[in-house]
Amino acid sequence: MTTQQLVLTIITILVVMGAILGACAYLVFIERKIAAYVQDRIGPNRVGPKGLLQPIADGLKFLFKEDIIPAHVDKVLFLAAPAIAVTTALLAFAVVPFGPTEPDAYQFVIAPRVDIGIVFVFAVTSLTVYAIILGGWSSNNKYSFIGGLRSSAQLVSYEIPMGMSVLGVILLTGSLSLERIIDHQVAGGWNIWFQPVGFLLFLTAAFAECNRLPFDLPEAEQELVGGYHTEYSALKFGMFFLGEYAHVITTSFLLSILFFGGWHFPWIAEHDSYAVVKVVVILVKVTAFILFYMLVRWTIPRFRFDQLMGLAWKVLIPLALANLLCVMVIKQLVASFGLSRAWLWVLLPVSLLLFVGAAVPAVLWSSRGRRVAVTASGDERVAAVAR
Amino acid sequence: MPIDPSDVQWVQAPKIGLLEQLYLPAIFAGMQTTVRHLFMPKVTVQFPEERPKMPPNYRGVHRLNRDEEGRVKCVACYMCSTACPAHCIDIVAAPSPWPDREKYPETFVIDELRCIYCGMCEEACPVDAIELTSLFDLTGLSREEMMFDKEKLLSVFDETVAAGTDPVRTGRGRLGTASELPPEQARTV
């Protein structure tokens, strides 16, 4: 590596980290604004013009609050947990390309051409569970502990469908490198057309991995006070927060790279477009996904814990396996009969059929509706549920 | 209280159809509602700049009404302070300087911190002299400041009438029948 490359990489790291930290602060602001608008309110609008300085005020508040370490905690782990949360979330971004990566020009990624790209991202992001478990356990507090336990079960369960849902994409591309996945889509069409079910599975699992609603059981306020970060305050709490939002950004990038062609957009950002256009396109896609995350938060209520586990093990994993099987079979058929690549489009109807077909057994098995007791007066108070 | 088993009726929950089992239509419908609300008019009242319109029966800060000639309407009958459950009204009566009534309040002090804003003084008053206004943002820096005397209460009347937020509700400027002197005294005046 030449000195020039080293300097360039260091600058890239600094800029990207700064951008992510700033983006996280403003995501909190946008989240609050969207929350308010969805609830027919206005939201923060007092600090600065249109409330735009609110994130800075929030950040300063985190900085200047008293940093409390309760007497009953395991100090080392208590301090390590938020650090792990933030480090892993930021580290995962190292291999994620945020623009075009042509070998002879500036490459919009911290670590270019990492061949195990997607595996690295999964490996690092799944370390987040340590932060949550350690935070919950070292707090020495029942609510934190239950939050940590829930989270470990949830993250471990959803790792599996998350990994399996992208296997189809990886099979189609024949590479784990995120850059090559983009290149493949530029040449042959976005993966969403071939892997709609894979996309849905990945989206669902990503929500769960980010601890976002409707999967935010580790920090279910109504049941667990604050969940795993009950005992955290000031900047340490801020770091958990930062980790969560950085995770949202990373998964949004992954969604747009894996399924929506990364920086590619027909007619607007093709191979020979300016790099700036490509960066803008991918950022627009990422922003759209982040906004989608925030809207879903106010749409779907939180799952019960058994529903959460049922969704992962009984729905997502079998569906991901079936999806993978479809890709394998069709790719093999295309290859062995020497058919053209256009035949891969068969995957679209097959995927949709698979998705609808997956619901059929569930409908058949639940032919006997649940017996529900209601009071004689006919009010809808459910007294008991029997199977 | 436990529910009596005879009150419980068992019904069959409706069967889940294919479309519902797919979840996605329901999620899209939910997203539609969410997005619709994004663009709906907002209900927020930007308080210090924009003031909410209180209902006319709102029970806020008291005022002492004036009669047509601008005199205090109160006849110092003590009915409000007797009715007051919080004992926050303190009146000192004196012989009236005006011929049409027997007494008038020399001092009239309401402890606004002690008041529970129940409105019973207003109901008790025979001459409609005390009324609760729609002023809700009452603040002060000391306890003394929150002891509203006669002048302060009359100024509340002037302010609220001038602002048009609380028009005089009852009897206009006239005193009620309770303020009238007994017939034989009225003749001598």
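Mentor: A residue is buried if 20 or more other C-beta atoms lie within 10 Å of its own, exposed if 12 or fewer, and partly exposed in between, with C-beta atoms placed from the backbone. By that count, 20% of the 189 residues of chain B are buried. The model is predicted, so local features need pLDDT of at least 70 and side-chain atom pairs pLDDT 80 or more, while totals for chains, interfaces and linings use all residues. Residues are numbered from 1 along each chain as its sequence is written, and chains are lettered from A and ligands numbered from 1 in the order in which they are written.

Start with the inventory. Chain B holds 6 helices and 6 strands. These are DSSP runs numbered from the N terminus: H or I over at least four residues for helices, E over at least two for strands. From the N terminus on, the order is β-α-α-β-α-β-β-α-β-β-α-α. Contact here puts two C-beta atoms, placed from the backbone, within 7 Å.

Now the sheet. It is open, with 3 strands of chain B in the order 3-4-6, paired antiparallel. Strand 3 (89–95) and strand 6 (147–148) of chain B each have a single partner strand, so one side of each lacks a neighbour in the sheet. Two strands pair when DSSP finds at least two bridges between them; strand 3 and strand 4 (residues 103–111) of chain B share 7 bridges. Within strand 4 of chain B, T107(B) is the residue opposite V92(B). Helix 5 (residues 150–163) of chain B lies across strand 4 and strand 6, at about 85° to strand 4 of chain B.

H87(B) sits between helix 3 (79–83) and strand 3 of chain B. H87(B) has a positive phi of about 50° although it is not a glycine. H87(B) counts as exposed because 11 C-beta neighbours fall inside 10 Å.

D40(A) is not a glycine either, yet its phi is positive, about 65°. D40(A) lies in the loop between helix 1 (3–38) and helix 2 (54–64) of chain A. With 13 other C-beta atoms within 10 Å, D40(A) is partly exposed.

Next, the cores. A nonpolar core joins buried Ala, Val, Leu, Ile, Met, Phe, Trp, Tyr and Cys residues through C-beta atoms within 7 Å. The largest has 89 residues, of which V96(A), F202(A), Y245(A) and L258(A) touch the most other members. Its largest share, 14 residues, comes from helix 10 (residues 234–259) of chain A. Apart from it lies another core of 23 residues, among them C77(B), I89(B), V127(B) and I130(B).

Finish with helix 8 of chain A. P196(A) lies in helix 8 (residues 196–209). P196(A) is partly exposed, with 18 other C-beta atoms within 10 Å. Beyond neighbours within four places in sequence, P196(A) contacts L348(A), S351(A) and L352(A). The axes of helix 8 and helix 12 (residues 305–336) of chain A come within 10 Å and cross at roughly 150°. Axes are lines fitted to C-alpha atoms, for helices over the stretch in contact, and angles between N-to-C directions run from 0 to 180 degrees. Helix 8 and helix 12 of chain A are therefore roughly antiparallel, a label for angles over 145 degrees. Helix 8 of chain A brings V197(A), G198(A), L201(A), T204(A) and A205(A) to this contact, and helix 12 of chain A brings L316(A), L319(A), A320(A) and N323(A).

Key. Parallel < 35°, antiparallel > 145°, perpendicular 65-115°, else oblique.
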